[in-house]
Amino acid sequence: MPRPVPDLAWTLARAHLRRRRTQNLLTVLGIAVGVMVLIAALSLTNGFTRALVDATLRASPHLSLTAFTPSPRDPGLETEMRADPRVTAFVPFLGDKGLLTRPASAGRAAGVDFTTLFGVTPTAATVLRLAPEEGTLLRALGPNEVLLGAALARSVGAFTGDEVRLLNSTQRRVTLRVKGVFSTGNYLIDSGYAFTSLGTLQALQGTTNISGYQLRLRDPDSAPAVGDALTRIRPYTSIPWQSLYGTLLDQLALQKRVIAFVVFLIVIVAAFGIANVLTLAVFEKTQEIAILRAVGATRGVITRTFLIEGALLGLGGLLLGNLLGLGISAYFTVRPFQLPGDLYFITALPVQVRAGDLLWVNAVGLGTTLLAALIPARRAANVEPARIIR
């Protein structure tokens, strides 16, 4: 059986790559560095986004169903929420805003700050994902007791056991005893939220109504769909967490796009390295290309030869870049990059590698290198054998 004849373009590409090994290695390293930085940057950005969202959802429900006007508890809605497998827990709540003050005492000046106050039942500990000891405090809230966000407590200067005074939105006053503090890691929540018992806030407002329900879901991303299903025939407004923190999510998405674009410029610069190497090869091998054309090599064969060279250099850079990028991500997974918690809301920068990001990086990287190789490949294919040989 005769041996298959090797493709001429592959044979020529391998022969060319065996020369100029130093230049080829530097080109591969350039692409690898760009891909490595791109993968690491995207993974760190994903981790930061995930950590910030998780911190936000510790003291915030996945979904809030707010009645058009405060009303009594809705047995029919509660029955439907219990039967819905997507809902893991829910709690009735009453919301209010007010001015929180701590009177001056010996050695301490008075403290004051605004707060968003939620009156909840003990089941709120199953909707919110606070630390175990903080969940215990939330579950044990008694009449005229309040649980403050850590930053809010520092602003007011209130410690566990202190008494604070609340002036609510209806100009009614009440004195509350600080049961304790909670910390989510998100400064926006820790500086503005406080919890008290549902009965305490109802008594302050002079009502037995509630504002609505707060829900925790099995899948937080399903909040919009669950909210639409539960409020379709009821006088409630659905507020998924994505709407509540839409500005934050948009800012994080924009940050990721900007970082990806800036770092991708490194890959483009490396791709110009491929174009440079192949252009030099075309100049050096002009006579060789002319002879090949003269003995019958078509323009397609010459074009494929240089495209194959560019693809092999690009694939080598992509493979090495992926290994280095995943290695750096694994390192930061074991030893996270430390951050100042009061500035970035989280104390460590986690890593999250997404398959979609890897596919995007490799597809764009390979496409860029092939485009870079196309220019010298077309130049080589356009060599006129008669003019060069003469």
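Mentor: Helices (H or I, at least four residues) and strands (E, at least two) are DSSP runs, numbered from the N terminus. This is a predicted model, in which local features need pLDDT of at least 70 and side-chain atom pairs count only at pLDDT 80 or more, while totals for chains, interfaces and linings use all residues. Residues are numbered from 1 along each chain as its sequence is written, and side-chain values use heavy atoms, with hydrogens and water left out.

Trainee: Where does Asn144 lie, and what is its phi?

Mentor: Most residues other than glycine have a negative phi. Asn144, however, has a positive phi of about 60° although it is not a glycine, and it lies in the loop between helix H5 (132-139) and strand E4 (145-149). Gln171 is a further case, with a positive phi near 65°, in the loop between strand E5 (163-168) and strand E6 (173-182).

Trainee: Is Gln171 buried or exposed?

Mentor: Buried means under 20% relative accessible area, exposed over 50%, and partly exposed in between, with a 1.4 Å probe and protein chains only. Gln171 counts as exposed because its relative accessibility is 59%, whereas Asn144, at 37%, is partly exposed.

Trainee: Which residues of helix H8 are buried, and what covers them?

Mentor: In helix H8 (residues 198-205) the buried residues are Leu198, Thr200, Leu201, Gln202 and Leu204. Contact means heavy atoms within 4.5 Å, and the cover over these buried residues includes strand E2 (87-102), strand E3 (111-120) and strand E8 (210-217). After H8 comes Gly206, with a positive phi near 65°.

Trainee: How many salt bridges are there, and which residues does one of them join?

Mentor: A salt bridge is a side-chain nitrogen of Lys or Arg within 4 Å of a carboxyl oxygen of Asp or Glu, and by this rule the count comes to eight. One of them pairs Glu145 with Lys179, whose closest N and O atoms are 3.7 Å apart. Glu145 lies in strand E4 and Lys179 in strand E6, so the pair ties together parts that are 34 residues apart in sequence. Glu145 counts as buried, at 11% relative accessibility.

Trainee: Which helices hold Asp357 and Lys256?

Mentor: The side chains of Asp357 and Lys256 meet in a salt bridge (3.2 Å, N to O). Asp357 is in helix H15 (residues 355-381) and Lys256 in helix H11 (residues 246-284), so this pair ties together parts 101 residues apart in sequence.
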